[in-house]
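Student: I would like to learn how to read a structure like this one. Can we take the features one at a time?

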Amino acid sequence: MRTRRFMQVDVFSEETYCGNPLAVVLDGEGLDDAAMQRFARWTNLSETTFLLPPTPEGHAQGADYRVRIFTPGGELPFAGHPTLGSCHAWLAAGGQPQQAGRIVQECAKGLVPLQQEAQTGRLAFAAPALIRSDIADAELAPVLQAAGLQPSQVLARQKLNNGPVFWALLLDDPDTVLALQPDLSALHGLGMELAIAALHPQAGKTLIGRASREARAFDGAAAPAARPPEADIEVRVWFSTGASLSEDPITGSLNASLAQWLLADGHLQAPYVASQGINLDRSGIVNIAQDATGQVWVGGHVSAGIQGEVLL
């Protein structure tokens, strides 16, 4: 064991400690898979990342650093909030990209470009390639039963795969999204991870209306101390932590694949803002943009919460 630099950062919220936390070991060299997995299980966060020098092949293609991403239950090929959080930590620790204003991350999914806004410092990653497919009615029926949804409440559905695989449902109303209380044991038994979203109506998007929606989401509990600004879409997702499913505060990979689907099929136009995490007392904001080539960019604010050292 030796001392290694460590950060814990908060991703996808401008309100401190209202986003999605990420543990980052800034020097992962010399750690084997078992040590990484053990530490990720100990942090008990949704993801823990380990930064490494890029492989020779990756460096030749422009990679600035390599990241390995672990949940308490296993390694992921790609994840969104760990991508932004790891990049923030790498830059804060003195990382210098090969190309100014453009950072390239190497992960098991491949190379992921990132860009940083000059004025705000906000980071955004290029959404990786998406594989998507239809969900047949026969496949959907047990999912709806476990989620407590009626077929009439589902406007569109797709399986989305950009590393993680999500069963994504576009629902009829944000209130439906915020009020949903799925049977997580039943969903876990089906072997799938559920994502739901609904568009906010263009009319009546006032702070009063949003406060009302949040109050209903908390079912009488106190509203969050920091509410996100008005959003175009409300998002929630439940994914596996190994033995069970749990709701994720704010999910970059899901918002990336969701954006690629919804933009391609004309449900939304870019740029737009996604809100996630209200039911968990978080103020998650995901900024979606699309450049002239059609590339989708997923951005958000990152702030440091803990800086120090760990023995690993």
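Tutor: We start with salt bridges. A search of the whole structure finds eight salt bridges. Each is a side-chain nitrogen of Lys or Arg within 4 Å of a carboxyl oxygen of Asp or Glu. This is a predicted model, where local features need pLDDT of at least 70, side-chain atom pairs count only at pLDDT 80 or more, and totals for chains, interfaces and linings use all residues. Residues are numbered from 1 along each chain as its sequence is written, and side-chain values use heavy atoms, with hydrogens and water left out.

Student: Which residue forms a salt bridge with arginine 2?

Tutor: Aspartate 27 does, with the closest N and O atoms 2.9 Å apart. The pair links distant parts of the chain, 25 residues apart. Arginine 2 is in the segment before β1, and aspartate 27 is in the loop between β2 and α1. Helices (H or I, at least four residues) and strands (E, at least two) are DSSP runs, numbered from the N terminus.

Student: How do I read an aromatic pair?

Tutor: Two values describe a pair of aromatic rings: the distance of the centres and the angle of the planes. Rings of Phe, Tyr and Trp (its six-membered ring) pair if their centres lie within 6.5 Å. Planes under 30 degrees apart count as stacked, over 60 as edge-to-face, and the rest as tilted. The whole structure has six aromatic pairs. Phenylalanine 6 and phenylalanine 39 have ring centres 6.1 Å apart and planes at 90°, so this pair is edge-to-face. Phenylalanine 6 sits in strand β1 (residues 3-11) and phenylalanine 39 in helix α1 (residues 33-43), 33 residues apart.

Student: What about the backbone?

Tutor: Most residues other than glycine have a negative phi, and most peptide bonds are trans. Phenylalanine 12 has a positive phi of about 75°, although it is not a glycine. Look for phenylalanine 12 in the loop between β1 and β2. A cis peptide bond joins alanine 270 and proline 271, with omega about 0°. Proline 271 lies in the loop between α8 (252-264) and β15 (272-276).

Student: Where are the domains?

Tutor: Domain bounds come from an automatic or database domain assignment. Here it gives domain 1 (3-126 + 301-311) and domain 2 (131-203 + 227-293). Their centres, taken over C-alpha atoms, are 24 Å apart.

Student: How many residues of each domain are in contact?

Tutor: Contact means heavy atoms within 4.5 Å. 18 residues of domain 1 are in contact with 17 residues of domain 2. Between the two domains there are zero salt bridges.
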